[in-house]
Amino acid sequence: MTTDNHTPETVISVKQLVTHYGMRKILDGVDMDVKRGEIRVIMGGSGSGKSTLLWHILGLYEPTKGEIELLGQNIHQINFNDNLKLKQNIGVSFQSGALFSSMTVGENVALPLREFTDLDENTIRIISRMKLEVVNLGGFHKLMPAQLSGGMIKRAALARAIVMDPKLLFFDEPSAGLDPVVASEIDDLILSLRDTMGMSMVVVTHELDSAFKIADKITVLDNGKNLITGTVEEIQQSDNKRVMDLLQRRSRHDKLNPSEYLKRLTQENYTLS
Amino acid sequence: MTPDFIQFDKSDQQTTLFISGEVDLSNSAELRKTILGALKTTDSVKVNLSGVDYIDSSGIAAMVEGLQFANSNGKKFSLTAPSQQVNSILRLARLDQVFDIE
């Protein structure tokens, strides 16, 4: 890791990550370094491994092989106390929002503060409502999640993800299913958080417009491998056919293996090799 | 006892608190206590933020509480010389439109 004054610190390091679901290899030797203050977008078609990579970085799955470091700590060799501290520096905004339906929006946002800090109730109330203001949900703290629209749920989830002022922020499809105006607002929020708080972010998305707007660098996964990593310009100018397919939203043109295809359709005990 | 990251300048009418370094979860409760304590003993409190390198949401919340206390008790509470980082956080939460900033 380079640590001179001119090179930003690496805050996320993924080395040669390999993982399987059953017999099927999902990630096949993925490397990725994210620098402090960087927004890294992970793209790829369905089944490319992009969400799986995210879950591994978050420590939700154990890889078959490889290493992951967050803020300089190997997440598979970390002790309990350091892991607790690390978790306080990580915010996650899930695709579904993942708010607790039995709690108000305000209680949902305040939850990490109650879990991880000993701040008094006044301070917790002010911070959680301040975060709702940041995501344009000021005054919505007493509503239940069921009373919110899809876009509002995503924004509330974002408020909860940033309530601890994390150094690392992870998004899974932040603008999926949102109308273009709301999706653009989420993108603006992501950029504001990077610029204001200096947060480093990993955003998994298949929304090209969003990726090109927010990314400092884009990693394109394909069949569990890192197809290309580069700036928006480098990705847009790539002459790699698979990258071009992705950008132009064309269907894949893999050459079909007729006998393998027939096996997939007909064999009762067929498994992917 | 005043914590190291807060310096006082106090007269009969006004207290100025000079904050320096980083304000985060580890020391924001002390900032809150100092601000509320100063507001109980003088009519006007200024918080000078020129020396603040980093402030998190709990530090901002301490100042919000100070403003709320001042407004409820007929006192003055203002911020002076916020650094760029403090300013951008205040703007993000639109608190730059709520605080009296000099």
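**Chain contact, domains and strand pairing**

The contact between the chains takes 12 residues from chain A and 14 residues from chain B, two residues being in contact if their C-beta atoms, placed from the backbone, lie within 7 Å. On the side of chain A that touches chain B, the elements that give two or more residues are helix 4 (121–134) and helix 6 of chain A. Helix 4 of chain A gives the most, with seven residues. Helices (H or I, at least four residues) and strands (E, at least two) are DSSP runs, numbered from the N terminus. By class, this side of chain A has five nonpolar, five polar and two charged residues. Ala, Val, Leu, Ile, Met, Phe, Trp, Tyr, Cys and Pro count as nonpolar, Asp, Glu, Lys and Arg as charged, and the others, Gly among them, as polar.

The model is predicted, so local features need pLDDT of at least 70 and side-chain atom pairs count only at pLDDT 80 or more, while totals for chains, interfaces and linings use all residues. Residues are numbered from 1 along each chain as its sequence is written, and chains are lettered from A and ligands numbered from 1 in the order in which they are written. The model scores ipTM 0.92 and pTM 0.84. In chain B, the mean pLDDT (the predictor's confidence in each residue, from 0 to 100) is 92, and 98% of the residues reach 70 or more. Confidence in chain B is lowest in strand 1 (residues 6–10), at a mean of 86, and highest in strand 4 (residues 76–80), at 96.

Chain A is assigned domain 1 (10–89 + 166–266) and domain 2 (102–165); the bounds come from an automatic or database domain assignment. The C-alpha centres of domain 1 and domain 2 of chain A lie 26 Å apart. Between these domains, 11 residues of domain 1 are in contact with 10 residues of domain 2. Helix 6 (residues 180–197) of chain A gives the most to the side of domain 1 that touches domain 2, with five residues. That side of domain 1 has nine nonpolar, two polar and no charged residues.

Four strands of chain A form an open sheet in the order 2-1-4-5, with antiparallel pairing. Strand 2 (24–35) and strand 5 (73–74) of chain A stand at the edges with a single partner strand each, so one side of each is left without a neighbour in the sheet. Two strands pair if DSSP finds at least two bridges between them. Strand 1 (residues 10–21) and strand 4 (residues 65–70) of chain A run antiparallel and are joined by five bridges, and Val18(A) stands opposite Lys65(A) in strand 4.

Parallel pairing is found around strand 7 (residues 168–172) of chain A. Strand 6 (residues 90–93) of chain A pairs with strand 7 in the parallel sense over four bridges, and strand 7 pairs with strand 8 (residues 200–204) of chain A in the parallel sense over five bridges. Phe170(A) in strand 7 is the bridge partner of Val92(A), and Phe170(A) also stands opposite Val202(A) in strand 8. Strand 7, helix 6 and strand 8 of chain A make a right-handed β-α-β unit; a crossover is right-handed if, with the strands pointing away from the viewer, the path from the first strand over the helix to the second runs clockwise.

A residue is buried if 20 or more other C-beta atoms lie within 10 Å of its own, exposed if 12 or fewer, and partly exposed in between, with C-beta atoms placed from the backbone. Five of the five residues of strand 7 of chain A are buried. In a regular strand the side chains alternate between the two faces of the sheet. In strand 7 of chain A, Leu168(A), Phe170(A) and Asp172(A) are buried on one side, and Leu169(A) and Phe171(A) on the other.

Helix 1 (residues 50–57) of chain A is mostly covered, with six of its eight residues buried: Lys50(A), Thr52(A), Leu53(A), Leu54(A), His56(A) and Ile57(A). The buried residues of helix 3 (residues 105–116) of chain A include Val105(A), Asn108(A) and Leu113(A). Helix 4 and helix 5 (150–161) of chain A are among the elements that cover the buried residues of helix 3.

Ile39(A) is in strand 3 (residues 39–43) of chain A. Ile39(A) counts as buried because 23 C-beta neighbours lie inside 10 Å. Not counting residues up to four places away in sequence, Ile39(A) touches Ile190(A), Arg194(A), Met201(A), Val203(A), Ile214(A), Ala215(A) and Asp216(A). Ile39(A) and Asn108(A) are 69 residues apart in sequence and 26 Å apart in space, C-alpha to C-alpha.
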